[in-house]
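Me: I've got this one open in the viewer and I'd like to learn how to read it. Can you walk me through a few features?

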Amino acid sequence: MKKTGSINIFTNHTEISEKTRAHLAGKLTDAGYKVTDSFSHETELIICVGGDGTFLEAVHTLDFPQCPIIGVNTGHLGFFQEISPESMDSFISDYGKGEYSIQTLNTVLATVTDRHGRQSRHLGLNEIVIKGRHSYSVHLYISIDGVPIEKFSGDGILVATSAGSTAYNYSLGGSIADPRLKLLQVTPMAPMNTTAYRSFTSSILLPADLSLGVVPEHQENCIFITNDGIETGYTDVKDIKVEVSDTSVRLLRFKNYDFWNKVKTKFL
């Protein structure tokens with residue numbers, strides 16, 4: 001099944017990634033594909049060469065593209081990355097024959113509203129983190145679909161997608177969720193339980209049709225929103241709404257891919 005569009009290769013520009021990119025580009029060109037360094041409406045596939053951080057960088061730099069993405073792992077963990085540098089011939093062969101599937105990953109959206117009614121949006125493939133000024137506790141009123149749930153105090157909260165459950169969420173003690181589940185996982189960061197603040201000490205799972213509401217106790221304090229490692233600071237925050245976004249990311253997966261086998265390989 002010959003393709004007619006172009007293939008965009010995105011790298012983290014390390015020495016090993018650049019060598020891998022050149023080797024892969026040559027093989028794709030020999031197989032009859034048009035390889036480019038730039039993304040356009042003609043791009044049929046994005047190949048991301050690097051680690052998981054490079055994959056997230058590509059997703060954000062290219063503004064959550066709707067064409068499929070596949071990764072070549074030249075990093076460390078490589079959880080998103082499907083291909084090893086040694087298996088490029090098999091990848092090109094299987095791709096040409098159409099022997100692959102598309103895995104759709106959901107994203108999470110945080111909408112920040114200030115006291116003047118101005119709104120800012122932050123999109124994450126892995127997670128949204130809400131925290132206070134560095135080294136300071138943050139106090140937050142948490143609600144689910146408008147129903148008050150807790151008065152949180154601690155370092156902050158993390159709201160992860162299923163795909164992001166194996167990232168920062170996992171290091172905080174959150175649960176691993178199969179990426180086929182459409183949900184949000186809310187994980188506390190160093191929560192405190194006192195007579196003034198009663199915080200959940202473990203993750204809670206929300207179905208995709210429910211949203212999380214966050215209101216800072218002191219609106220004049222600085223609140224930081226981090227989406228996939230991209231940090232933005234705010235003052236005068238009135239409220240924050242976190243929900244499953246309509247935007248998705250499409251990963252190319254081949255016949256031998258199995259999520260739980262990858263979990264076992266990477267973590268055990």
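Predicted model: local features only at pLDDT ≥ 70, side-chain atom pairs only at ≥ 80, totals over all residues.

Me: How many bridges join strand E14 to E15?

Reply: In general, strands of a sheet pair through backbone hydrogen bonds, either parallel or antiparallel. Here two strands pair if DSSP finds at least two bridges between them; strands (E, at least two residues) and helices (H or I, at least four) are DSSP runs numbered from the N terminus. Strand E14 (residues 223-227) is joined to E15 by five bridges, and the two run antiparallel.

Me: In what order do the six strands of the open sheet come?

Reply: Read across, the order is E12-E11-E10-E7-E14-E15, with antiparallel pairing. Strand E12 (204-207) and strand E15 (230-234) are the edges, each pairing on one side only.

Me: Why is helix H2 largely enclosed?

Reply: Buried means under 20% relative accessible area, with a 1.4 Å probe and protein chains only. Seven of the ten residues of H2 (residues 52-61) are buried, so the rest of the structure largely encloses this helix. Among them are Phe55, Leu56 and Val59. Following H2 comes Asp63, with a positive phi near 60°.

Me: Which residues touch the most other members of the largest nonpolar core?

Reply: A nonpolar core is a set of buried Ala, Val, Leu, Ile, Met, Phe, Trp, Tyr and Cys residues joined through side-chain atoms within 4.5 Å. Of its 25 residues, pick out Ile130, Leu140, Leu212 and Ile240. Another core, of 19 residues, lies apart from it and includes Ile46 and Leu251.

Me: What volume does the largest pocket have?

Reply: About 460 Å³. On a 1 Å grid over the protein atoms alone, a pocket is an open set with protein on both sides within 12 Å along at least five of seven lines, whereas in a cavity a 1.4 Å probe fits but cannot get out; lining residues have an atom within 4 Å of a point. The pocket's lining has 18 residues, with Glu82, Ile83, Ser87, Asn256 and Tyr257 nearest its centre. Helix H5 gives the most, four residues.

Me: And how much space lies in the largest cavity?

Reply: About 80 Å³. Its lining includes Phe79, Leu251 and Tyr257.

Note on methods. Residues numbered from 1 in each chain as written. Heavy atoms only, no water. Buried < 20%, exposed > 50% of the residue type's maximum accessible area, 1.4 Å probe, protein only. Points joined across faces, edges and corners; volume = space filled by probe spheres on them.
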